[in-house]
Amino acid sequence: MTESELKRHIRGIPDFPKPGILFYDISTLLRNAQAWKAAMSAMAARVTPHRPQVLAGIESRGFLLAAPLALELGLGFIMLRKPRKLPGETIGLDYALEYGTDRIEMQADAITPGQRVVLLDDLLATGGTMAAGVALLRQAGAEVPAVATMLELTFLGGRRRLDVPVETLLAYDE
């Protein structure tokens, strides 16, 4: 499937979650098996050159990309989650949002120091959550050769906050 064909499976929802925001909804792509498979194949082609040993996904839509992609590539998968959602010992990182702060955590034993971990999420907007995810993985000892997203809102400049290559399947310029 071409980029424009895949984009036809992404639904834009105006004024969600608040007035003035156009939300790009990937659920319409995920419920179409052919489109989802094509998207995962295209993501695999973008991620594989970075030679990951493990894929990590950011809660929750990042799980919908990272887990099946890890399975397709024969890799392990780890979760970066909101506080108090993971069992066992965790490590976490607080980070700034536009209006406040948030926190992400991962299991302390999820990776071996030096492992190559590519981080995935559904969307790159301002880059704050993705940058925090990279920092958390590095705190755990990971090497992060790249991050990948299905969608990128390029006009928000999120990739400028990242010091690793960004692999994007579909870009939106407005």
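Start by selecting strand E7 (residues 117-124) together with E8: the two pair in the parallel sense over five bridges. Keep in mind as you go that this is a predicted model. Within this pair, color leucine 124 and look across to E8, where glutamate 152 is its bridge partner.

Next, bring in the helices. Select helix H5 (residues 128-139), which packs on the sheet and touches E3, E4, E7 and E8. The direction of H5 makes about 165° with that of E7.

Now show the whole sheet. Five strands make up this open sheet, in the order E4-E3-E7-E8-E9, with parallel pairing. At the edges you will find E4 and strand E9 (166-172), each of which pairs on one side only. Turn the view to see the twist, which averages 20° from one strand to the next.

**Stop at glutamate 152**

Zoom in on glutamate 152, which sits in strand E8 (residues 147-153). Is glutamate 152 buried or exposed? Glutamate 152 counts as buried because its relative accessibility is 4%, below the 20% cut-off. Show side chains here and look for threonine 168: a polar contact of 2.8 Å joins the two side chains. To see the surroundings, select Leu124, Arg159, Val166, Thr168, Leu170, Ala171 and Tyr172; glutamate 152 touches each of these, leaving aside residues up to four places away in sequence.

**On to the loops: two cis peptide bonds**

Go to phenylalanine 16 and proline 17, which are joined by a cis peptide bond with omega of about 5°. Proline 17 is in the loop between strand E1 (11-14) and strand E2 (22-25).

Then move to glutamate 59 and serine 60, where there is a cis peptide bond with omega of about -15°. Serine 60 lies in the loop between strand E3 (54-58) and helix H4 (61-73).

**Last stop: two arginines with positive phi**

Select arginine 51 in the loop between helix H3 (33-47) and E3. Arginine 51 is not a glycine, yet its phi is positive, at about 55°. With a relative accessible area of 55%, arginine 51 is exposed.

Finish at arginine 84, in the loop between strand E4 (76-80) and strand E5 (90-97). Its phi is near 65°, a positive value in a residue other than glycine. Arginine 84 is exposed, with a relative accessible area of 75%.

Note on methods
Residues numbered from 1 in each chain as written. Predicted model: local features only at pLDDT ≥ 70, side-chain atom pairs only at ≥ 80, totals over all residues. Heavy atoms only, no water. Helix = DSSP H or I, 4+ residues; strand = E, 2+ residues; numbered from the N terminus. Buried < 20%, exposed > 50% of the residue type's maximum accessible area, 1.4 Å probe, protein only. Polar contact = N/O pair within 3.5 Å; in protein donor to acceptor, adjacent residues only side chain to side chain. Contact = heavy atoms within 4.5 Å. Pairing = 2+ DSSP bridges. Axes fitted to C-alpha atoms, helices over the stretch in contact; angles between N-to-C directions.
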